[in-house]
Amino acid sequence: RLFKFALCLILNAPCDRMSVSEAPSSHEPTAPSVLLSSGEHAEAAARFKAKGTSLLQEGQLTPARQAYALAVKQAILARHAAYVEHTKEAARIRAEAEQRQPTSEQSNEGEDIEETRASRPGDEHNELLLASYTNLALCWLREATAAREAGQHVREQHEKAAMAAQACDRALAIDPNCVKALYRRGCALHMVNDLAAARSDLQAVLRLDPGNAAAARELAAVNASARHTDAALRNSLAKMFA
């Protein structure tokens, strides 16, 4: 609670008007409650994202991850608020049209305006949400790497890597061709030994960005892990039937 209150003070976020609780493990608010406008939620998301980036550059992984989680939540609320605002605006336009008792031609024109205004209200905040998810994934991935280097239990390493993969799943639901999300999910899946899925993601990165050296190195590491696993399996079978 103290950390969250401090974040509010640092970011000048109105704690009494918006929720600053961390997003749950799914990174989605369970029951969005729009207390601000879509623009205000987007501004809050941008502030949390900027703070997360600053903390990440300082090497403060957990606070950075928490800030990015808050950015995700506020960006989701911005999309939800945009949908609510669009719905209200559409209702107002219809009400005004009914009061004017328009002709059939005028009525159709109003419907065209409503449809072209925003076919998917809230999509204007997708870029911010996408960046927040990929940065959240980066934090989890670095925490997983730090856990491995510190010799922590494999289960803890895998849990953090799984959270990174989950954040990438969310990002890829927004943009299936997001190179950062595909690469980071590939790295996370490698850490949990899901080698086939990791290889698939990394190959997708190289199709989209053939010159991506990091993806090429990670793919080579995945293939090496696969060869090592196959060799270990063959040795085990040989001993079993010797």
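## Buried charges and a nonpolar core

E143 and R65 are both buried (under 20% relative accessible area, with exposed over 50% and partly exposed in between; 1.4 Å probe, protein chains only). This is a predicted model: local features need pLDDT of at least 70, side-chain atom pairs count only at pLDDT 80 or more, and totals for chains, interfaces and linings use all residues. Residues are numbered from 1 along each chain as its sequence is written, and side-chain values use heavy atoms, without hydrogens and water.

**Salt bridges**

The whole structure holds 4 salt bridges (a side-chain nitrogen of Lys or Arg within 4 Å of a carboxyl oxygen of Asp or Glu). Three of them are tabulated, among them two that involve E143.

| Pair | Closest N to O distance |
|---|---|
| E143 and K160 | 3.4 Å |
| D201 and R185 | 2.7 Å |

E143 sits in helix 5 and R65 in helix 3, so their bridge ties together parts 78 residues apart in sequence. Helices here are DSSP runs (H or I, at least four residues), numbered from the N terminus. K160 belongs to helix 6, 17 residues from E143. R65, E143 and K160 are linked in a salt-bridge network. E143 counts as buried because its relative accessibility is 8%.

D201 lies in helix 8 and R185 in helix 7, 16 residues apart. D201 is buried too, at 5% relative accessibility.

**The core**

The largest nonpolar core has 48 residues. Such a core is a set of buried Ala, Val, Leu, Ile, Met, Phe, Trp, Tyr and Cys residues joined through side-chain atoms within 4.5 Å. L56 and L136 touch the most other members. Helix 5 gives the largest share, 11 residues.

Leaving out residues up to four places away in sequence, L56 touches L61, A64, Y68, L138, C139 and R142. Contact means heavy atoms within 4.5 Å.

**The second largest pocket**

This pocket has about 250 Å³ of space. Its lining includes L141, T145, R148, H158, M191 and E218. Helix 5, helix 6, helix 7 and helix 9 each give two or more lining residues. On a 1 Å grid over the protein atoms alone, a pocket is an open set of points where a 1.4 Å probe fits, with protein on both sides within 12 Å along at least five of seven lines; lining residues have an atom within 4 Å of a point.

Methods. Points joined across faces, edges and corners; volume = space filled by probe spheres on them.
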